[in-house]
Amino acid sequence: MASTASAAPVATTAWAYQTSFETGEIISGLSVDNGIAVEADSGNILAPIDIFEEVRVFAPDASLGGTPLTQFSVQPGNAATPGNVAVDLETGAIYVNEGPQGQQGRAWKFVSDGAPTPTYTLDTDFAPEAP
């Protein structure tokens with residue numbers, strides 16, 4: 001008896017859970033924020049860490065989820081607690097807002113130099129309008 005061929009797998013547009021960051025890579029104080037964002041060009045993962053007043057950047061890694069790459073301070077020399085981070089898909093600009101520990105409702109814009117280990121520079125001309 002001849003064996004029958006099985007149907008070929010069909011590709012779909014979907015996502016699936018692969019893994020988590022290592023324990024302790026993303027920590028948060030009392031904040032309920034800490035949304036992450038992914039840079040379109042590099043795939044780097046950006047995660048605001050409120051108690052350290054910085055955004056940590058992870059290189060994508062299929063088995064670990066992400067490996068530490070670099071970090072940048074939200075506002076060097078001033079107390080600032082990042083809450084969420086977003087990436088402008090057209091310009092690549094990084095936006096960070098102040099989390100609930102912050103009292104001033106600030107927001108910042110950063111620009112990446114695009115290097116393999118990127119440097120992020122605060123855009124001092126960015127002035128968001130108050131709601």
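Biologist: Which residue takes a positive phi in the hairpin of β2 and β3?

Modeller: This is a predicted model, in which local features need pLDDT of at least 70, side-chain atom pairs count only at pLDDT 80 or more, and totals for chains, interfaces and linings use all residues. Residues are numbered from 1 along each chain as its sequence is written, and side-chain values use heavy atoms, without hydrogens and water. Glu53 takes a positive phi near 55° in that hairpin, which has four residues between the strands. Strands are DSSP runs of E of at least two residues, numbered from the N terminus.

Biologist: In which sense do β2 and β3 pair?

Modeller: Two strands pair if DSSP finds at least two bridges between them. Strand β2 (residues 45-49) pairs with β3 in the antiparallel sense over five bridges, and Leu46 is opposite Val57 in β3.

Biologist: How many bridges join β3 to β4?

Modeller: Eight bridges join β3 to strand β4 (residues 65-73), and the two run antiparallel. Glu54 stands opposite Ser73 in β4, and a hairpin of three residues connects β3 to β4.

Biologist: Why is β3 largely enclosed?

Modeller: Buried means under 20% relative accessible area, with a 1.4 Å probe and protein chains only. Six of the eight residues of β3 (residues 54-61) are buried, so the rest of the structure largely encloses this strand.

Terms used:
Buried < 20%, exposed > 50% of the residue type's maximum accessible area, 1.4 Å probe, protein only.
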